[in-house]
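This briefing concerns the strand architecture of the structure shown below. Please read it alongside the sequence and the coordinates.

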Amino acid sequence: AVSFYAAGNLQKYARYSSENANDLTIQADGRLDLDHAETLRLRTGYRIEYLPRYSPETEAAVSYSGGGTYARYPTEYSVSTAQLSYIYSPRRLGFGIDATVNRYAFTNEPTFNGGLAIQGDQNRTEFIVTPRLSYELTPGYQAFIEASGNRRQYESEFDASPDHLKRSSSGYAVAVGTQLNLGSLITGTAYLGYQNQQYDDARLSTAAGLYLG
């Protein structure tokens, strides 16, 4: 099976045209059934989005450049995504694994006083691997346990702040949860666990705590 999806969101202001932004999403999905219990999926996508001029990241970048408070335009960035998934579920016990790569690319924006707000220090690639073990309790209900590991690698070793922080990091998350499938109309997933993200820069504290969704 193959599917294709595209969407656009055009934001046009009658008076404040400097706030105009045009979002774009393009996505393609493919599924190959190796047999009745074994499936391979591939998803690729590309998005163009914007950070508002009043976002914390944009205001900080403008401040570092000495350009006042706001950038002249919203900050455009793109996200390229690729995900490969393998699912094997011969009986009530099943196994799956997802491998995902996300690539973020930001533009630098001019400020009102002629400066340049550096946003390119946010350019990064994220690598995520998530294995999952599931068990069908009754038809339509599955319990699962999953663990994921990630690496967030920034292109610039240091960010543009005066502290020159290293924002690359590595982390993991573990969770237990349940899936329900009540026919073709109602499906859902709920999980609860723990996550931990450690930064390369010792000055940045570890982010750890509850992981749920």
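In the hairpin of E10 and E11, Gly183 adopts a positive phi near 80°, and 3 residues lie between the two strands. This is a predicted model, in which local features need pLDDT of at least 70, side-chain atom pairs count only at pLDDT 80 or more, and totals for chains, interfaces and linings use all residues. Residues are numbered from 1 along each chain as its sequence is written, and side-chain values use heavy atoms, with hydrogens and water left out.

**Pairing around the hairpin**
- E10 and strand E11 (residues 186-199) pair antiparallel over 14 bridges; strands are DSSP runs (E, at least two residues) numbered from the N terminus, and two of them pair if DSSP finds at least two bridges between them.
- Ser170 has Gln198 in E11 as its bridge partner.
- Strand E10 (residues 169-182) is also joined to strand E9 (residues 141-154) by 12 bridges, and these two run antiparallel.
- Glu146 stands opposite Ala175 in E10.

**Pairing of E4 and E5**
- Strand E4 (residues 75-88) pairs with strand E5 (residues 93-106) in the antiparallel sense, over 12 bridges.
- Gln83 has Thr100 of E5 opposite.

**The sheet as a whole**
- An open sheet is formed by 10 strands in the order E1-E2-E3-E4-E5-E8-E9-E10-E11-E12, with antiparallel pairing.
- Its edge strands, E1 (2-11) and E12 (207-212), each pair on one side only.
- On average, neighbouring strands of this sheet are turned by 15° against each other, direction ignored; the axes are lines fitted to C-alpha atoms, and angles run from 0 to 180 degrees between N-to-C directions.

Notes:
Helices (H or I, at least four residues) and strands (E, at least two) are DSSP runs, numbered from the N terminus.
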